[in-house]
Amino acid sequence: MTGSDDRRQDPPVNNGLMISGGTHYVGNQAVGHGAQAFSGSVSFQPQDAERTAELLAYVERLLEEHRAALADPDATSRELRRLREELDEAEPQPTVLRRALDRLNEFVQPVTPLVVAVGQLAQSVQGLPGLL
């Protein structure tokens, strides 16, 4: 015996998906053992919605702290309010969310802490099921 493990191991299985060339329109997909794809109404997971709410409040605090450094603080506040209102809708529209996040990101550019916070907020919104 050489000291190595004598148990037989099966070769790895690639359950991946490869698409190449042309234009592809893909619906729901599930790949791999036990994978499932779902379609239907979207609901927020509490932890996702809570994280997004925390980040919205954090961005609001930073907006107040750095208001003087912003080129258009009123427009920035309005865009954040629009984002919050859309997220409060029963079925938030991804295009409205995307536009609000893009505009918000443009407005906060001169202030590094706000750029970072808005980036985290965008990631959180994008992580909500069915959005962006």
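**View 1. Glu79 in helix H2.** Glu79 is found in helix H2, which spans residues 73–88. The model shown here and in the views below is a predicted one. With a relative accessible area of 1%, Glu79 falls under the 20% cut-off and is therefore buried. When its neighbours within four places in sequence are set aside, the residues in contact with Glu79 are Ala100, Arg103, Leu104 and Phe107.

**View 2. The polar contact between Glu79 and Arg103.** The side chains of Glu79 and Arg103 make a polar contact at 2.8 Å. Arg103 belongs to helix H3, residues 94–107. Its relative accessibility is 35%, so Arg103 counts as partly exposed, whereas Glu79 is buried. Arg103 can also be placed relative to Thr76: 27 residues separate the two in sequence, and their C-alpha atoms are 8.1 Å apart in space.

**View 3. The packing of helix H3 with helix H4.** Two packed helices are described by the angle between their axes and by the distance between those axes. The axes of H3 and H4 (residues 112–127) come within 10 Å and cross at roughly 170°. H3 is therefore roughly antiparallel to H4. On the H3 side, the contact is made by Leu97, Leu101, Leu104 and Asn105. H4 contributes Val115, Val118, Leu121, Ala122 and Val125. Sorted by class, the residues of this contact comprise eight nonpolar and one polar, with no charged residues. Leu104, listed here for H3, is also one of the residues in contact with Glu79.

Notes:
Residues numbered from 1 in each chain as written. Predicted model: local features only at pLDDT ≥ 70, side-chain atom pairs only at ≥ 80, totals over all residues. Heavy atoms only, no water. Helix = DSSP H or I, 4+ residues; strand = E, 2+ residues; numbered from the N terminus. Buried < 20%, exposed > 50% of the residue type's maximum accessible area, 1.4 Å probe, protein only. Polar contact = N/O pair within 3.5 Å; in protein donor to acceptor, adjacent residues only side chain to side chain. Contact = heavy atoms within 4.5 Å. Axes fitted to C-alpha atoms, helices over the stretch in contact; angles between N-to-C directions. Parallel < 35°, antiparallel > 145°, perpendicular 65-115°, else oblique. Nonpolar A, V, L, I, M, F, W, Y, C, P; charged D, E, K, R; others polar.
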